[in-house]
Amino acid sequence: MKITADTPSALTALDRPNSYIGRAVPRPNLQRLMQGRGQYVSDVTLPRMTHVAFLRSPHAHARIVSINTEAAKKSPGVVAVVTGAELAKVMTPWVGVLTHLKGIKSAPQYPIAVDRACWQGEAVCAVVARTRAQAEDACELIDIVYEELPAVTDPETALDPATPVIHEALDDNLCFERKLDVGDVDKAFANSDAVVEATFVCGRHTGVCTEGRAIIADWNASEQRMTVYQATQAPHMMQDLFAKHLDIEAGQVRVLTKDVGGSFGIKVHTYADEMATVALSKLLKRPVKFVADRIESFVTDIHARDHRIKGKIGVTKDGVITAFEIDDLTGIGPYSVYPRTSGIEANQVVNLTGGPYNCPNYRAQARVVFQNKNVMCQYRAVGHPIAVAVTEGLVELAAAKIGMDPLEIRRRNLFADDSYPAQTASGLKLELLSHHAALAQLDTMINYAGLRTEQKALREKGIYRGIGFASFIEVTNPSAAFYGVGGARITSQDGATVKLDAQGAITIHSGVTEQGQGAEAVLAQCVASSFGVSMDRVRVVTGDTDNTPYGGGTWASRAAGIGGEAAWQAGKALRGNVLAVAGAMLQAKPDELDIRDGLVVDKVTGAERLTLAELARVAYFRPDTLPPGFQAELMATRHYVPRAWPFAFTNGIQASYLEVDTDTGFVKLLRHWCVEDCGTIINPQLVNEQIRGGVVQGIGAVLFEQCLYDERGQMLNGNMADYLVPMAVEMPDIDCGHVVSPTADSELGAKGAGEAGTAGAPACIMNAINDALRPLGATPLTDMPFTPGKILKALGKV
Amino acid sequence: MKPAPFAYKKPRTLDEAIALLGENPDARILAGGQSLMATLNMRLSAPSLLIDINGIEGLGEIALKDGAQNGVIEIGALARHVQAERSETIATHAPLIACAMPTIAHPAIRTRGTLGGSIAFADPAAELPACLLALDGEVDAQGPKGKRTIKAGDYFQGLYETALGPQEILTAIRLPAANKDTRVGFAELARRHGDYAIVGLAASARADGKGLKDVRLAYFGVGATPLRPLKSEAALSRGDIDAAVAALDLDPHDDIQATAAVKKHLAGVLLRRVAAQLMEQRA
Ligand SMILES: Cc1cc2nc3c(=O)[nH]c(=O)nc-3n(C[C@H](O)[C@H](O)[C@H](O)COP(=O)(O)OP(=O)(O)OC[C@H]3O[C@@H](n4cnc5c(N)ncnc54)[C@H](O)[C@@H]3O)c2cc1C
């Protein structure tokens with residue numbers, strides 16, 4: 001494990017005395033969580049609280065002919081049995097489209113299916129009871145007559161005229177389509193010395209959170225207010241949506257988000273069953289709790305990555321990449337997920353393919369189709385693992401074809417480190433990246449030459465090891481370009497309010513949220529550093545729409561870069577306010593003073609002038625002693641939104657070293673490396689944890705995880721025994737390295753780091769497997785996840 | 001994922017437990033609960049009564065006892081996996097069980113799960129049933145008609161189906177203790193450590209000069225019960241590994257983790273690996 005130096009080398013605005021920027025300080029919430037004193041939604045119990053269980057469709061596609069709830073209503077403990085038609089009177093349906101995804105279409109989705117169930121697992125009836133067990137008992141007594149309809153499951157045929165249309169009003173099963181043609185692709189291929197084509201498949205998988213989705217809705221009829229306790233990444237977005245679909249004011253809704261046990265993009269969407277829970281509380285005028293269990297999570301938590309991409313690359317014999325071309329097809333379930341849509345993933349694949357390379361010729365087509373399976377939407381590193389797999393898979397196949405080293409072909413094509421600002425063929429604007437510096441660091445870190453020698457020696461003994469790489473770029477710190485411009489009421493700005501209490505300690509309220517990644521630590525570090533106190537003097541409050549500044553929450557690697565900058569600026573602003581009070585008290589010029597380690601000091605000599613406790617005492621209890629007309633302002637709010645760039649792109653490169661057992665098709669991961677550049681590193685330990693956790697999720701995608709469906713749309717492995725999440729024993733050591741290219745868009749200069757690991761790991765392991773098997777003449781493997789069976793098949797052994 | 005309502009009783013004696021089984025035809029025995037509770041929570045079964053046998057004294061011992069020729073290892077039904085994993089007696093006298101233990105699930109599950117539960121449940125992909133068969137062990141059962149002993153070869157009858165009667169409780173398993181001639185081999189292939197295997201093989205044999213005799217191979221994960229490929233056993237006794245692999249006559253089904261063809265191929269790979277283990281110990 002390599003952790004970057006505790007203190008940054010060159011002095012910048014961030015290098016305040018006792019700065020926490022760049023230091024691996026522990027998270028302030030660690031003790032609480034480790035002692036089991038976290039407060040997750042399931043820990044919350046309210047007076048008169050009820051529990052809802054949903055009866056879910058056993059069919060992928062079926063007309064609901066009748067629902068008989070008589071027996072269920074009489075079951076012990078039952079408060080209400082509610083159908084979709086009944087709930088539709090309480091809550092309006094939604095349609096998951098955005099205007100900047102031209103032509104995207106979807107059908108209205110209801111909290112509970114009305115007349116028709118469109119995937120196996122869709123809720124068709126709700127039982128509210130005193131306990132969850134009683135609600136489940138009563139679910140078994142509901143009698144539903146279904147008329148099974150043909151299920152559309154294969155994206156390849158979803159658009160065929162012979163295939164039934166899932167939503168008649170939409171005319172066809174096409175949700176969204178995007179085409180792009182830049183440069184002269186045909187000419188570039190014609191002028192290439194080698195053209196390589198391959199079809200890549202990413203397996204449909206999901207983000208398995210330690211804590212399942214959970215929500216309590218509490219409609220208080222006396223106040224006409226809805227209080228929602230929810231495990232979500234975006235409390236303000238949910239506040240807006242609950243209000244909109246209950247047809248009340250946003251101010252009538254309060255969303256509270258305390259501890260969240262992982263999210264990975266799973267908890268940033270509108271889920272029908274959670275909307276239903278809110279509607280049920282309004283209907284029944286009492287608290288209703290819903291906690292998704294594992295079995296229902298597998299068929300309702302969004303799935304992702306189910307893409308088939310035909311890819312093509314052209315290269316000259318000198319290794320210059322002449323063109324990329326892709327044709328992406330993805331099936332996203334029966335509805336585009338609200339409000340972020342299910343078009344973004346394919347859109348990202350189009351945006352990101354070829355992204356690290358300075359190649360002007362690029363043609364892409366992406367089609368997003370409806371099908372009768374669980375919905376797909378944004379999961380950690382949206383689209384990146386797919387685009388990186390296609391790009392990096394093609395690059396290494398091309399390198400092999402022309403007999404060039406895989407690092408050398410990258411050196412010849414990656415955007416030069418001095419070529420920024422730059423723009424990719426797809427039009428992404430890049431502020432400042434460091435592909436070559438990262439590659440050089442990786443080369444040394446892994447002792448590449450040494451590894452190749454070892455690999456060669458072992459091959460002679462019949463041991464097949466592979467080395468694979470993946471360069472990548474990652475979207476972080478999104479501006480309004482991501483959602484706002486498309487009409488979604490999802491804010492890209494974020495705020496922080498910092499206040500000095502009467503003993504000189506600090507409280508920060510922030511609009512970003514904590515889901516286990518350490519966002520609260522980052523906020524505390526930023527504000528402690530810019531204001532000038534030790535971290536134990538900072539308390540962080542997040543996740544309360546009544547009390548925190550309006551903010552986007554935590555997704556798209558934005559919490560540190562955007563929320564952190566707001567916190568940094570708010571801390572600075574409060575320092576200014578406090579020094580104004582100090583100046584008044586000390587009859588000194590505020591700009592000759594500073595706050596360091598909790599003391600007001602002389603800026604030049606560092607001599608102590610005043611404690612913060614004394615300053616607070618005077619400001620709060622003896623303001624009469626301050627000069628006439630002087631008003632102390634001991635609370636400051638700052639907001640921040642990236643404006644100069646639509647996204648703060650980061651970059652990096654990963655390497656994998658692994659061994660394939662050619663008798664069994666089993667892959668043993670020996671080591672994994674990632675060198676990335678997330679700009680200013682606020683907390684190296686948290687960054688490295690993000691990278692490592694992200695790599696592990698990528699390993700899940702490439703070797704283990706897949707939501708398997710049969711042709712009738714039944715999920716076959718929706719449980720933790722059959723759906724294989726990556727586990728510790730199979731994971732390699734993961735080494736992290738860093739290059740630092742801060743963004744000039746913020747004073748902090750931090751970009752995001754949450755998704756880099758996930759973006760690159762699948763491609764790099766795929767490349768390593770193919771590198772291992774190349775001497776055996778195996779067909780290149782491009783169909784993830786790479787199970788032992790697929791590897792044996794590629795080796796011709798089964 | 002909440003079980004349907006059920007009654008719960010915790011008898012203190014075997015007789016009491018057997019009587020309860022008699023009175024409640026759809027009752028289920030609760031041992032470690034590591035397999036049973038999952039099926040209840042998923043509502044795959046809904047017994048009206050759970051008879052918790054954890055309060056019955058004397059069912060948790062692991063002991064070396066005198067047998068006809070050599071010793072016999074007796075493992076009480078309630079012995080936890082972790083007990084077997086850490087037992088000196090098992091390590092010395094039942095080395096095959098010792099090899100298998102670390103591959104069964106994860107520490108938390110091994111802390112609760114029992115050897116008796118595993119044999120009673122008879123999951124076709126479980127390690128212990130195959131070990132019992134490879135070692136030619138026995139199962140002790142007690143029911144309303146008294147005690148009886150069932151040979152491993154007669155015990156496993158079908159998918160989750162055993163020779164245990166509906167009112168019988170498995171009280172112990174018995175294995176011949178290893179001696180200096182005993183050879184064992186064990187290998188399994190699971191995607192992740194602790195998972196049920198895609199295919200696994202437990203084997204025992206006796207050294208016979210430079211060769212092996214009494215070779216017993218028991219595959220798991222490739223059929224409804226642990227399976228012995230008799231022709232392969234004979235070939236191995238002749239020392240012919242290639243013939244043993246060629247003679248494999250398993251007929252597995254596709255499952256979520258692997259196709260039948262992959263399972264068959266892997267079974268052959270395991271046979272070579274396990275044969276090598278059996279031979280290596282010969283020196
Ligand atoms: C995540 C996970 C992974 C696992 N992986 C593996 C694995 O890799 N390999 C493996 O072998 N097992 C595995 N198991 C199962 C585990 O080993 C169980 O402990 C074992 O199968 C059953 O033992 P138990 O004591 O928990 O039985 P219980 O769950 O209590 O009972 C199982 C069944 O046997 C019956 N029963 C139990 N005891 C008796 C008795 N004395 N007489 C008559 N009937 C009885 C019960 O009525 C029930 O039907 C796994 C379990 C889990 C949860």
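Mentor: A polar contact is a pair of N or O atoms within 3.5 Å; within protein, one must be able to donate a hydrogen and the other to accept it, and residues adjacent in sequence count only if both atoms are side-chain atoms. This is a predicted model, in which local features need pLDDT of at least 70 and side-chain atom pairs count only at pLDDT 80 or more, while totals for chains, interfaces and linings use all residues. Residues are numbered from 1 along each chain as its sequence is written, chains are lettered from A and ligands numbered from 1 in the order in which they are written, and side-chain values use heavy atoms, with hydrogens and water left out.

Trainee: Which polar backbone atom is 2.6 Å from an oxygen atom of the ligand?

Mentor: That backbone atom belongs to Ile29(B). On the side-chain side, a polar atom of Arg28(B) is 2.8 Å from a ligand oxygen, and one of Glu127(B) is 2.6 Å from a ligand nitrogen. Of the ligand's 970 Å² of exposed area when taken alone, the protein buries 89%; accessible areas come from the Shrake-Rupley method with a 1.4 Å probe, and for residues only the protein chains shown count as cover.

Trainee: Which element gives the most to the shell around the ligand?

Mentor: Helices (H or I, at least four residues) and strands (E, at least two) are DSSP runs, numbered from the N terminus. Here H7(B) gives the most, with four residues.

Trainee: What is the strand order in the open sheet of chain A?

Mentor: Two strands pair if DSSP finds at least two bridges between them. The order is E23-E22-E21-E27 in chain A, with mixed pairing. E23(A) and E27(A) are the edge strands, each pairing on one side only. E22(A) and E23(A) run parallel and are joined by five bridges; Ser510(A) stands opposite Thr542(A) of E23(A).

Trainee: Which strands does helix H14 of chain A lie across?

Mentor: Contact means heavy atoms within 4.5 Å. Axes are lines fitted to C-alpha atoms, for helices over the stretch in contact, and angles run from 0 to 180 degrees between N-to-C directions. H14(A) lies across E21, E22 and E23 of chain A, at about 135° to E23(A).

Trainee: What is the omega of the peptide bond from Tyr338(A) to Pro339(A)?

Mentor: Most peptide bonds are trans. This one is cis, with omega near -5°, and Pro339(A) sits in the loop between E16 and H9 of chain A. The bond from Tyr420(A) to Pro421(A) is also cis, with omega near 0°.
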